[in-house]
Amino acid sequence: MQRSRILGLVGIAWFLLTVGVLAQATRMGLLLAPTDALQGNVFRIIYYHVPHSMLSLLFPYVNLFASLFYLYWRQRDPLKALTADAWAISSAEVTVVYATICLWTGMLWGRVTWGIWWTWDTRLTSMLLLWLLYVSYLMLRKLSATGQTQTLAAVLSIFAGIDVPIVYMSIRWWRTQHPAPIFLSGDPDAKMDPSMLPAFLWNLAAWTMWGIFILIFRYVLERRRQARDQDAALLAIEASLEMAK
Amino acid sequence: MNYFGHVLTHLRKDLQLEWRSRDSINGMLFFSLLVVVVFSLAFDPTAAMSRQIAGGILWVALLFASITALNQAWTRELRNRVLDAQRMSPAPPSALFLGKALANFLFVALVEVVLAPLFIVFYNLHALGQGWLLAVVMPLGTWALVCNGTFFAALGLRTRNRELLLPLILFPISIPALLGMMQATTAILTGEFEPGLWIRLLIAYNIAFTTVCLLLFDTVLNAE
């Protein structure tokens with residue numbers, strides 16, 4: 001009881017801290033960062049778009065590793081496997097949320113700077129496919145029979161994990177229009193101006209903290225649902241024993 | 001009996017069942033013929049235009065047709081609880097999968113053999129690139145669809161709405177393979193670019209996913 005109370009307080013503190021960082025990041029992004037020379041104020045969407053796209057590439061790894069651990073523990077240690085599965089579903093849902101925001105802000109930005117909502121370019125297409133893969137993962141979880149859901153979902157997650165690099169390479173051979181990545185790329189023209197960096201880093205930190213918050217929030221929810229299901233199953237077993245007497 | 005003996009037994013059983021009923025092949029043939037006709041209404045198939053779009057249409061027709069057959073592939077095993085017997089048998093589960101996938105591959109390949117002349121007639125096709133390469137692209141593309149399709153059909157066997165679920169999970173995973181086969185076929189038909197890259201993509205895709213399917217089939221078969 002004591003431990004869960006401390007964890008609850010830590011959670012509330014983390015939430016308040018996240019809200020504070022989000023407020024500061026929004027202030028930096030919208031008010032303090034200098035206006036872009038070419039795009040004017042429109043470019044400020046970069047502070048939302050880029051962190052969301054970076055993070056939506058990060059959460060699938062949580063999902064993949066959780067699924068691998070689930071399959072490893074499935075028969076060896078079912079209780080640990082349930083924990084892994086809770087991580088898998090929460091990270092898949094957070095992935096879909098972040099990828100949706102990334103696609104949506106990207107479309108808004110594209111409409112203004114390119115004049116079109118959508119184009120079948122490498123990065124746009126592969127992000128859309130990532131989104132499709134994880135939506136199909138969630139559909140499978142919704143449609144499959146109880147008792148099988150976790151295993152089938154973990155298998156599909158491994159397929160998705162193998163598919164993503166193949167998707168990325170194949171679509172890169174297909175076409176490219178999106179600007180090159182502004183971090184970790186060799187192209188000197190594509191670098192972000194140093195004056196934009198503080199606002200960007202604040203936003204990256206804020207959205208990472210927010211992502212971790214909703215991930216853990218969803219995880220705790222899933223754990224409670226699992227505990228409720230186990231209690232219900234126990235009650236059913238006890239009732240059937242009573243009947244047998 | 002060794003591993004390939006098991007695979008052959010499963011394959012022979014599936015071929016025999018299909019030979020007696022001919023359900024899935026007839027269904028697939030008529031279905032893909034209908035898709036070809038419907039698409040020819042949607043686009044005006046002049047010779048130059050049809051070379052550009054025929055690769056896409058051919059694979060879309062085969063994709064939809066194979067979905068109809070794949071949905072039936074495992075339902076047969078549910079009758080009289082055959083699948084439960086398979087699960088109890090000491091034969092390796094991946095041999096069951098491989099036999100089933102090979103059988104489906106042969107069915108879809110047969111449909112392709114019948115469909116190809118019709119396709120050429122309806123769309124006034126003749127390849128401007130190296131036509132013989134189609135003999136490489138077609139089996140590779142068919143295997144890419146059928147291998148994962150058989151696996152996902154088994155995966156969705158005990159779900160609600162399994163007919164709906166199969167395309168929902170198969171299409172997103174298959175997109176790189178679909179891109180590969182459509183690009184390779186278009187490259188061969190138009191002769192405008194080299195299909196080599198896309199054939200290599202298909203080979204890599206097939207190797208990766210066939211391995212995963214064989215390794216994970218046991219898990220899916222005994223998912224409870």
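In chain B, 44% of the 224 residues are buried, a residue being counted as buried if 20 or more other C-beta atoms, placed from the backbone, lie within 10 Å of its own, as exposed if 12 or fewer do, and as partly exposed in between. The model is predicted, and local features need pLDDT of at least 70, side-chain atom pairs count only at pLDDT 80 or more, and totals for chains, interfaces and linings use all residues. Residues are numbered from 1 along each chain as its sequence is written, while chains are lettered from A and ligands numbered from 1 in the order in which they are written.

The secondary structure of chain B consists of eight helices and zero strands, where helices (H or I, at least four residues) and strands (E, at least two) are DSSP runs numbered from the N terminus. The C-alpha trace of chain B spans about 55 × 30 × 30 Å along its principal axes. Of the contacts in chain B between residues at least 6 apart in sequence, 85% join residues at least 24 apart, a contact requiring C-beta atoms, placed from the backbone, within 7 Å.

In chain A, A:Leu22 lies in helix H1 (residues 2-32). A:Leu22 is partly exposed, because 17 other C-beta atoms lie within 10 Å. Leaving aside neighbours within four places in sequence, A:Leu22 is in contact with A:Ala206 and A:Trp210. The C-alpha atoms of A:Leu22 and A:Trp210 are separated by 8.2 Å, the two residues being 188 residues apart along the chain.

Note on methods: Contact = placed C-beta atoms within 7 Å.
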